[in-house]
Structures are given as structure tokens and as C-alpha cells.
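The sequence and structure come first, followed by the points by topic.

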Amino acid sequence: MKKNLLGLSYDELFNLLNEELDVKKYQVKQIYSWIYHHGARNFLDMTNISKKLQKTLEDRYEIKRLKVLNEQKSIDGTVKWLLETEDGNSVECVFIPEGKRGGALCVSSQVGCKMGCKFCCTATQGFTRNLTTPEIIAQVVHCRDYVQEWGKLLETRKFSNIVMMGQGEPLNNYDNLVKALNIMSDGEGLSISKRRITVSTCGIANKIVSLGIDTDVKLAISLHAVNDEKRSKIMPINKAFPIKKLMAEIRKYPNLSNSRRVTFEYIMIDGLNDTKQDALDLIKLLKGIPAKINLIGFNEWEGSSFKRSSPEAMKRFSDILTRAGYICPIRTPRGNDISAACGQLKNKS
């Protein structure tokens, strides 16, 4: 069976090719650039390496994409893909175009999820396994294929941002996540700026500081409630890492500043977390943390008993936070008609 080179860091690629084929450093740099900068699908396209080496690489290795099982496109331009892994599992990722502002790819880190958040459709799927580094990188590579932005570094890209907010809890797949993030942000490879990569966690507090040290990417927290009683009802992780512990670790996140704010995701659920008092308590909770709050109306899915907060309640909530000095947009749902919006991802296959 051929070895897959997609998902290897430069050092891993050098060690493999140097040990097995005695490939020189400059040749490994060329091959690495072809894989991650030019998007090569096979070795015969690598025109600046010798025909002999091309043939040897083609015989022993591959640059393996994930198979596309399904593609859905929303009326708002959002695209959702169902991608099949080598072992027959599948995972979804979502591309959200933003016109001149570029576009964001919502990347999954696991097949399913074991965190059990009550508002999230993925939780009803259960947990199968972590995705490997190549499987995480393959989602990014697929989106680059889709927008056709290989071989050029544009100031304004169609695909400019990565959000680790797809299926699964990224920090429960820490080692594969960190390897993938460092390949994504490598200037010699996929070259996505660390300031344009965001990792969202439901609150694995003991890995938050390590994430900042190991990757220096932006941090997002799925908060969704302002006290332990409410949060524990909808997010079981809160029992292991209650809000006080979570906030203490967030305050330690490296390089926090007004230009490197933590984003707090707050899904607004009618009658649960959308009162004036909830907004005031949130202000107290976030005191001293450079923060942005994204208000997200609950995106309904079959089987859930929750309802979205009213537009009036969301506007009132946003106004209170804005007056307190926070950036607090009400997010417009994207991809709702194809079940690609926040909290809706589930592999029906």
C-alpha cells in the first residue's frame, strides 16, 4: 500500500523521504511546496524535480484526497461537503463565502462528538473516533481545490479563514489538531495566517493555555450560559470544568489583547439564557477579558425541544452588551436550508 504524504509536516516529510530514498533537503522543499502551495495531486505534475524521482515517488507514495460523498449548496452560497475517510466513516465540513471579505471553512476534528451538548445535533450522532492529521488537512485541501486558489498568495482570497467549529471537540483530539494547525499556518505550505485560524472549544479548560503556546491561533469559547446551574443543564462539560475554572484558564491564554480577543459564542435559546439579567451577568463574567461576543440564534433541528430566542430578545441582549463596550453582533444564520448552520452538523449517512 502506498504511503500518503498529505498531512505530513516538513520535518516529517524530510525524515521519511531522506531515510527511504535519500532525497536531499532542497528536493524535499520542492515536494512540500508542490503538495501544500501548488496543490499537486500526483508526482508527475512536479515539473522541477527529475523524471526518475517523479517515477519513484509515484510508485511508493500518494497525495490522497478524501472522497466526496455529497455536496450541498445553500441559497446563500454556503457549501457543505460530506467526505469519506479511508475506513468508511464520513465527516462534514462547511465553506461560508463572504464575498470581498474572503470566506471561512468550518473544519471538523472528530467523527461525531462525545461532549453531549443538548443544543447540538452532532451530539445525537455519538462518537466514533478522532480524525487524523491528514484527514483534518484534507478538508482544507478540498476547499482550496473548490475555490481554485492554488499556487498564488492573494491579499484577498476567496478562502481566507479556518474555524475549527465543525463536528467534534478539537481539544479532545489535541495532538492531531496541533499538527494540523501548524501545517495550515506554515508560510511555506498552506500559508493561512494564525490570526485567521480560530479553534472553538466547549470548555476543555486544562488544554486552553497549551493551545495558545503550541499554536498561537485565535480562541473561541462555546459559552452559552452565564452560571453553572444553567450551563450544566445544556453542557455536561461544565461539571468537569465549571465556569470559574474555565474563565481562569481563558485569562491565561497567551497574547490576549484588544487585537487578539477571545470570541465567546452564545447560542440564544428562548426562555433559557436570553434575559436582561443574563446579559448583565455576562458582562460581569467577562470583566477584564478582551472579548467579542457572537450571538447566534438557536438553529432548530429535528428532535430538539429548544426554540430560538425572539429577534426582540436578541436585540435587547446585544444592546446591553454593546453599551458595556463589547463588540456583540447578532450572527446571520448561514446554510440553514442545508443543515449547515451552527449546531446542525450530523452525518445522516
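An open sheet is formed by 10 strands in the order 3-4-5-6-9-10-11-12-13-14, with mixed pairing. Its edges are strand 3 (67-73) and strand 14 (330-331), each of which pairs on one side only. The model is a predicted one.

**Sheet**

- Strand 3 pairs with strand 4 (residues 79-84) in the antiparallel sense, over six bridges.
- Within this pairing, Glu-71 stands opposite Trp-81 of strand 4.
- Helix 11 (residues 311-323) packs on the sheet and touches strand 12 (262-268), strand 13 (291-297) and strand 14.
- The direction of helix 11 makes about 175° with that of strand 13.

**Helix 1 and helix 2**

- Packed helix pairs are described by the angle between their axes and the distance between the axes.
- For helix 1 (residues 10-21) and helix 2 (residues 25-36), the axes come within 10 Å and cross at roughly 125°.
- The two helices, helix 1 and helix 2, are therefore oblique to each other.
- The crossing in which helix 1 passes helix 2 is right-handed.
- On the helix 1 side the contact involves Tyr-10, Leu-13, Phe-14 and Leu-17, which meet Lys-25, Val-28, Lys-29, Ile-31 and Tyr-32 of helix 2.
- By class, this contact of helix 1 with helix 2 has seven nonpolar and two charged residues, and no polar ones.

**Helix 4 and helix 5**

- The axes of helix 4 (residues 133-147) and helix 5 (residues 174-185) come within 8 Å, crossing at roughly 40°.
- That angle makes helix 4 oblique to helix 5.
- Helix 4 passes helix 5 in a crossing that is right-handed.
- Helix 4 contributes Thr-133, Ile-136, Ile-137 and Val-140 to the contact, and helix 5 contributes Asn-176, Leu-177, Lys-179, Ala-180, Ile-183 and Met-184.
- The residues in the contact of helix 4 with helix 5 divide into seven nonpolar, two polar and one charged.

**Salt bridges**

- The structure holds 17 salt bridges.
- One of the 17 joins Arg-60 to Glu-20, with the closest N and O atoms 3.5 Å apart.
- This pair links distant parts of the chain, as Arg-60 lies in helix 3 (residues 51-60) and Glu-20 in helix 1, 40 residues apart.

Terms used
Residues numbered from 1 in each chain as written. Predicted model: local features only at pLDDT ≥ 70, side-chain atom pairs only at ≥ 80, totals over all residues. Heavy atoms only, no water. Axes fitted to C-alpha atoms, helices over the stretch in contact; angles between N-to-C directions. Helix = DSSP H or I, 4+ residues; strand = E, 2+ residues; numbered from the N terminus. Parallel < 35°, antiparallel > 145°, perpendicular 65-115°, else oblique. Left-handed = near helix turned anticlockwise from the far one by under 90°. Contact = heavy atoms within 4.5 Å. Nonpolar A, V, L, I, M, F, W, Y, C, P; charged D, E, K, R; others polar. Pairing = 2+ DSSP bridges. Salt bridge = Lys/Arg side-chain N within 4 Å of Asp/Glu carboxyl O.
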